[in-house]
Amino acid sequence: MKYEWRKEEKEQYLPKKQPMELNIPAQKFYTISGKGDPNKEPFAEDTAALYAMSYGIRMMHKNGPVPDGFFEYTVYPLEGIWTLEVEDIRPDGSFEKADLIYKLMIRQPEFVTKEIALANIDKVSQKKPNSSNSKILFEELTDGRSLQMLHIGPYDDEHMTFDVMKKYCEENGLVRRTMAHKEIYLSDPRKSDPEKMKTVLRYFLK
């Protein structure tokens with residue numbers, strides 16, 4: 001049977017509409033870093049490159065030797081860590097989207113080794129040229145102790161969910177270890193009603 005992260009890892013990927021604390025262990029990712037408005041073309045190219053690499057891994061059993069430990073699975077969702085330089089934040093807390101700094105990523109199954117990941121980057125880059133391919137990295141990352149909550153609605157309304165998370169931190173004595181936050185995109189914005197889009201929002205805690 002195909003491994004479905006939506007069914008097997010509900011706590012991590014399908015939280016409720018209320019803050020919840022959890023601990024995220026080390027996981028493997030293809031990542032790409034950049035800066036700028038997520039509505040612009042460079043961001044779209046970075047995202048396309050990540051998905052191309054991830055589907056290259058998913059389908060490699062049909063196009064070459066089957067890696068040890070390979071199993072059928074659903075490709076994990078796109079994730080992004082977002083932050084800003086302090087000087088880019090206005091006194092009222094607002095900012096320009098062009099100043100956003102991001103690190104996008106898609107998680108990879110445990111059977112993916114560094115050797116497999118790098119060979120896949122070379123292979124996919126030959127088949128699907130993209131200027132962003134050269135920026136792709138394979139990394140093991142650990143979110144560790146975290147607070148997360150499900151946001152339903154447009155990305156521009158995320159501040160309302162962040163307000164709930166901020167209040168929860170204040171009431172429970174929780175301190176963020178960085179002002180960067182993670183978003184996990186459960187909906188395809190190209191196909192979804194903005195009012196029904198689902199996004200996991202995550203703080204990293206000390």
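Which residues lie nearest the centre of the largest pocket? In this predicted model, local features need pLDDT of at least 70, side-chain atom pairs count only at pLDDT 80 or more, and totals for chains, interfaces and linings use all residues. Residues are numbered from 1 along each chain as its sequence is written, and side-chain values use heavy atoms, with hydrogens and water left out.

Trp82, Tyr155, Glu158, Glu183 and Tyr185 lie nearest the centre of the largest pocket. Its lining comprises 48 residues. A pocket is an open set of points on a 1 Å grid over the protein atoms alone, where a 1.4 Å probe fits, with protein on both sides within 12 Å along at least five of seven lines; lining residues have an atom within 4 Å of a point. The volume of the largest pocket is about 2,000 Å³. A volume is the space filled by probe spheres set on the grid points, which are joined across faces, edges and corners. By class, the lining holds 27 nonpolar, 9 polar and 12 charged residues. Here Ala, Val, Leu, Ile, Met, Phe, Trp, Tyr, Cys and Pro count as nonpolar, Asp, Glu, Lys and Arg as charged, and the others, Gly among them, as polar.

Helix H1 (5-8), helix H3 (41-58), strand S2 (78-83), H6 and S5 each give at least two residues to this lining. Helices (H or I, at least four residues) and strands (E, at least two) are DSSP runs, numbered from the N terminus. H6 gives the most, with 7 residues.

Helix H6 spans residues 158-172. Its 15 residues reach 21 Å from first C-alpha to last, close to the 21 Å expected at 1.5 Å a residue. The expected span is 1.5 Å times one less than the number of residues. Glu158, Thr161, Phe162, Met165 and Cys169 of H6 are buried. Seen down the helix axis, the buried residues of H6 fall within an arc of 100°, so they line one face. The arc is that of the directions from the helix axis to the C-beta atoms. Lys167, Glu170 and Glu171 are exposed on the other side of H6. Buried means under 20% relative accessible area, exposed over 50%, and partly exposed in between (1.4 Å probe, protein chains only). The cover over the buried residues of H6 includes strand S4 (137-152), strand S5 (176-185) and strand S6 (198-205). Glycine 173 follows H6, with a positive phi near 65°.

Glutamate 158 lies in H6. Its relative accessibility is 6%, so glutamate 158 counts as buried. Beyond its neighbours within four places in sequence, glutamate 158 is in contact (heavy atoms within 4.5 Å) with His151, Glu183, Thr199 and Leu201. Leucine 201 is 43 residues from glutamate 158 in sequence, with 8.3 Å between their C-alpha atoms.

The second largest pocket has a volume of about 310 Å³. It is lined by 15 residues, and Gly56, Asn63, Asn120, Lys123 and Val124 lie nearest its centre. H3, helix H4 (60-63) and helix H5 (114-127) are the elements that give two or more residues to this lining. H5 supplies the largest share, 6 residues. The lining of the second largest pocket divides into 8 nonpolar, 4 polar and 3 charged residues.

In H5, 14 residues should span 20 Å at 1.5 Å a residue, and the end C-alpha atoms are 20 Å apart, which agrees. Ile116, Ala117, Asn120, Ile121 and Val124 of H5 are buried. Down the axis of H5, these buried residues fall within an arc of 140°, so they line one face of the helix. On the other side of H5, Lys114, Glu115 and Gln126 are exposed. The buried residues of H5 pack against S1, H3, H4 and S4.

H3 has 18 residues. From first C-alpha to last, H3 reaches 26 Å, close to the 26 Å expected at 1.5 Å a residue. Its buried residues include Phe43, Asp46, Leu50, Met53 and Ile57. The packing partners of the buried residues of H3 are strand S1 (20-35), H4, S2, strand S3 (101-108) and H5. Alanine 48 is also in H3, and is partly exposed, at 42% relative accessible area.

Phenylalanine 138 is in strand S4. With 18% relative accessibility, phenylalanine 138 counts as buried. Its contacts beyond four places in sequence include Lys28, Tyr30, Gln108 and Ala117.
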